[in-house]
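Visitor: I would like to learn how to read a protein structure feature by feature. Could you take me through one slowly?

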Amino acid sequence: MSIKTDVIIIGGGATGCGIARDLALRGVHHYLVEKGDFASGATGACHGLLHSGGRYVVNDSEAAHECITENTILRKIAQKCVETTGGLFVRLPGDSKRYRDRFLKGCDEMGIATTVLSPSKALDLVPNLNPAMEEAIAVPDCSIDPFRLCMLNAYTSRHRGGAILTHHEAIEIIKEKGVCVGVKARERLTSQIKEIRARIIINATGAWGDRIARLGGSEVPMTLSKGSLIVSNHRLTNMVINRLRPPSDGDIIVPNEAVCLAGTTSIPIDDPDVLEIDPAEVDIVAGEAEQMIPSFGSTRLIRAYTGVRPLLKASGQDGRSISRGFKIIDHENGMFSILGGKLTTYRLMAEKMVDVIMERFGLKMKCRTAELPLEGQDELSGYPLSKRLSTMDDIICECELVSRNTVEHAINTMGTHYVGDIQHRTRLGMGPCQGGFCTFRALGIMQELGRVSPEVSLKILKEFLQRRFKGIRPALWGDQLREEQLIESIYLGILNMESG
Amino acid sequence: MSSHMHDVVVIGGGMSGLMASIYLAGKGFKTALISRGDPVCCLSTGCIDVLSSRGSNPLDGFGGLPEGHPYRLVGKKGVEDAYKLFKEVMADGSIPYVGTIRKNREILTPIGTFKTTCLVPHTMAASHGCRDEYVHVISFKGIKDFYPSYITSKLKNTGFSLYDAGVSSTLAIAARFEEKGFAEDFALWLAGLELPPGKVALPAVLGLNNPVAVMEAISLRIGREVFEIPTLPPSIPGFRLFRSLKAALQQRGGDVFWGMPISSVERHGRIVEAVTLATSGRATRVQGRVFILATGSFVSGGLFATRDSVHETVFGIPVHVPGPRKDWFRRDFFNAGHPIEEAGIEADASFRPIHGNSTNLFVCGSILAHSEIMKYHCGHGLALATGLKAAKMCERMLA
């Protein structure tokens, strides 16, 4: 039996979720299928920066313009997942003064507000900055929570008749007479297959774009580039810190909840499913971050992660170019691909995509996503420290102070059998031990609540430990190495998991 | 500054440091043990792995160890000596250990696997061979590090029941077993379950001080063998092991400086003369004729890795490092024994650092290069054997 809808969106990153929200607000029925949890691709693996546009003013004024426009919109509509940190572009000794002049001129032309600060003024704002800096320029950069952003976009969809299927992988595009008419999606754990049919299929799968396009018999020329980031155990700055120089490796530090993210590298890759972080990348990023914030060098790093930038091959032979940043491709077989872009411009991308769909359907309804605040922000406002501290008994995750009640609530309300779902929604396992202790507990509880069998629970635990190690391994030294050896002794020693 | 003169100063209060100082104090030397805090063995199962990765007789596996492995320096005889002394010391305390150095045994883990080890506290004796009998697992309401279904789903002939101790951490439950009447109530409840014949297993929470007596009382009441299953850290059996050894040292007249990191080292030429301890009050200076470094590996802080090298944290002795950082860890988490485990201090046959510059400094325990304790599952056994051997080398120098 197949499900019928108007639009199927493949991909639960910011773009896909943004399209779902936009369609919901324009009254178009849709299904979204995502093979993992929300934001499991580039959306969740970026630095969570809501660009002011400053980064692009010198080389790409169109992108800069899009950024400042969307930055202004998102600060208004997504207050609970944007932290208005402000940002600094820091010029260190040796950094070009000419670039600085072009930067200020570009910001001025784009309408990006800047304030030039002396080193002492900048140090007042961010005491950990390198005191040897020449100057700093303040811009309206913000920190944004990509995962919550996806959840909130999905919220509107779900509450207006849309259907969101996470942990469902699109394994086949159903074609009839050369036209894509549906998707077969397989649930990850149970392998159950759902057949969904629609009039239009949207491929919003980022780095997996070409793979999905090929399922429908077309292709999209892409260049994949991985960008690796590191996570420090402390929030060393309350503002976004950029290096005032042409874009290069390791030029950004973004505060996020209790930690800081520093990145990034840019290395071409072939397969988005085969990602590995070279310890040398960690050294590059840590070394550059240390230039801007010297204490980054002595701060414990809790892990590294990497995301894939889905860049378009510069040719432009098919489809129409919306901007240099992103592109909508009409495969002329019932499927569209939307590619490129950045987190900051996800809403604009969704708007342009849905405009195309509306035109195809002959509908007139205008986009309202820029005016209406994201729904559900109070309900899904994360898990602030103040709330965590109020229930200190029965703590399951000591690093992030997550209680048994919170874990049980997440399991019961979502009905999930994925440990990642709990981690994303409660911050369980996000601290220094990276779930080394609490994931065992969360899975034990999930098993006690009857969500998974003990055998499956252990299988999930093993997969988790392997995944966790992948993120930790490239940045293992200092206290993190100490902790890792303890975790190793627990699972391979006390529990003797290797033979289990 | 307060000043103390000793024959021997042992730095590090873990298994190897405790073993070395127990032996030397027992021989009548004025012995000081310095520790920054409670040791890593408090996080262990409390069981002594001698060589769990190489067949049923741990001693038979020695030949297969690489040339530089500390066991090769100690020799089988040295391991047997350590085994005898350890068993003797523990038998004098409240937690005798069972097992023999010539045969490994199995214990049940919290996830229903069996872990190979050699010597176990008496409270885990009945765990060996429990595959063949009915095992009834008891858990405690709300306990967060023990989920009995992992065991009952893996082992066919099992069942479980839940007891409400009113508290949920292993440490708090163990403290309850110290309360008057608690163990009796528990035993009464257990007797009321009318279990089929077999054994009763429970997480290791049977009190902190005298678990054997608690276990025997319960066992007597229900007419069945009872055994403990070691849990995730903090581990009660690990804590008991540490406390027993520390008490044994104090009984032998050893001086203990606890909770104080070393702030400086005094040398005269190739002789270490004293260490100064950082305290919140006045500084304490501990002088000795010989010193033993037993500060352990990374977890306990004897070694510290920076982005591109590894340091020994007290004396700055050059460390053997297995290649550049990119090679320290393999990709597979479950591949026990990453190359970084080889890191440590290389010692000669007299258990002095080869690359050190002090003639009266000895080294033992997991800080020794090529120990690879996760790879070989030999942690506590190696600590005891090298601790005793280093102590005997000191004894020669002191005599």
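Visitor: Which residues in α1(A) are buried?

Guide: Before I answer, please keep in mind that what we are reading is a predicted model. To judge burial we count neighbours, and a residue is called buried if 20 or more other C-beta atoms lie within 10 Å of its own. In α1(A) the buried residues are A:Ala14, A:Thr15, A:Gly16, A:Cys17, A:Gly18, A:Ile19, A:Ala20, A:Arg21, A:Asp22, A:Leu23, A:Ala24 and A:Leu25, so that 12 of its 12 residues are buried and the helix is mostly covered.

Visitor: What span should the 12 residues of α1(A) have, and how far apart are its end C-alpha atoms?

Guide: The expected span is 1.5 Å times one less than the number of residues. For α1(A) this gives 16 Å, and because its end C-alpha atoms are also 16 Å apart, the two values agree. Just after this helix, A:Gly27 takes a positive phi of about 75°.

Visitor: How many residues of α5(A) are buried, and what covers them?

Guide: As a general idea, an α-helix has 3.6 residues a turn, so residues three or four places apart point the same way. Here, 11 of the 13 residues of α5(A) are buried, among them A:Arg148, A:Leu149, A:Asn153 and A:Tyr155. The elements that cover the buried residues of this helix include α1, β3, β9 and β10 of chain A. The length check works for α5(A) as well, because its 13 residues should span 18 Å and its end C-alpha atoms are 18 Å apart.

Visitor: In what order do the three strands β4, β9 and β5 of chain A form their open sheet?

Guide: In general, strands of a sheet pair through backbone hydrogen bonds, either parallel or antiparallel. In this sheet the order is β4-β9-β5 of chain A, and the pairing is antiparallel. The edge strands are β4 and β5 of chain A, each of which pairs on one side only. Two bridges join β4(A) to β9(A), and A:Leu50 stands opposite A:Cys142 in β9(A).

Visitor: Why is strand β17 of chain A described as largely enclosed?

Guide: Four of the five residues of β17(A) are buried, so the strand is largely enclosed by the rest of the structure. It pairs with β16(A) in the antiparallel sense over two bridges, where A:Asn242 has A:Ile252 as its bridge partner. With β18(A) the antiparallel pairing of β17(A) runs over five bridges, and there A:Ile253 stands opposite A:Ala262.

Visitor: How many residues lie between β17(A) and β18(A) in their hairpin?

Guide: Two residues lie between these strands, and A:Glu257 in the turn has a positive phi of about 45°.

Visitor: How many residues does the largest nonpolar core have?

Guide: In soluble globular proteins, nonpolar side chains tend to be buried together. The largest nonpolar core in this model has 288 residues, and those with the most contacts inside it are A:Ile8, A:Ile202, B:Ala20 and B:Ile292. Helix α9 of chain B gives the most to this core, with nine residues. Taking one residue as an example, A:Ile8 touches residues including A:His30, A:Val33, A:Ile196 and A:Ile202.

Visitor: Is B:Lys392 buried or partly exposed?

Guide: B:Lys392, which is found in helix α9 of chain B, counts as partly exposed because it has 18 C-beta neighbours inside 10 Å.

Visitor: How many residues of chain B are in contact with chain A?

Guide: There are 32 residues of chain B in contact with 36 residues of chain A. On the chain B side, α3(B) gives the largest share, three residues, and by class this side has 18 nonpolar, eight polar and six charged residues.

Visitor: Where in chain A does pLDDT stay under 50?

Guide: pLDDT is the predictor's confidence in each residue, and it stays under 50 over residues 316-323 of chain A. The mean pLDDT is 92 for chain A and 95 for chain B, while the model scores ipTM 0.95 and pTM 0.91.

Methods. Residues numbered from 1 in each chain as written. Chains lettered and ligands numbered in written order. Predicted model: local features only at pLDDT ≥ 70, side-chain atom pairs only at ≥ 80, totals over all residues. Contact = placed C-beta atoms within 7 Å. Core = buried A, V, L, I, M, F, W, Y, C linked by C-beta atoms within 7 Å. pLDDT = per-residue confidence, 0-100. Nonpolar A, V, L, I, M, F, W, Y, C, P; charged D, E, K, R; others polar. Pairing = 2+ DSSP bridges.
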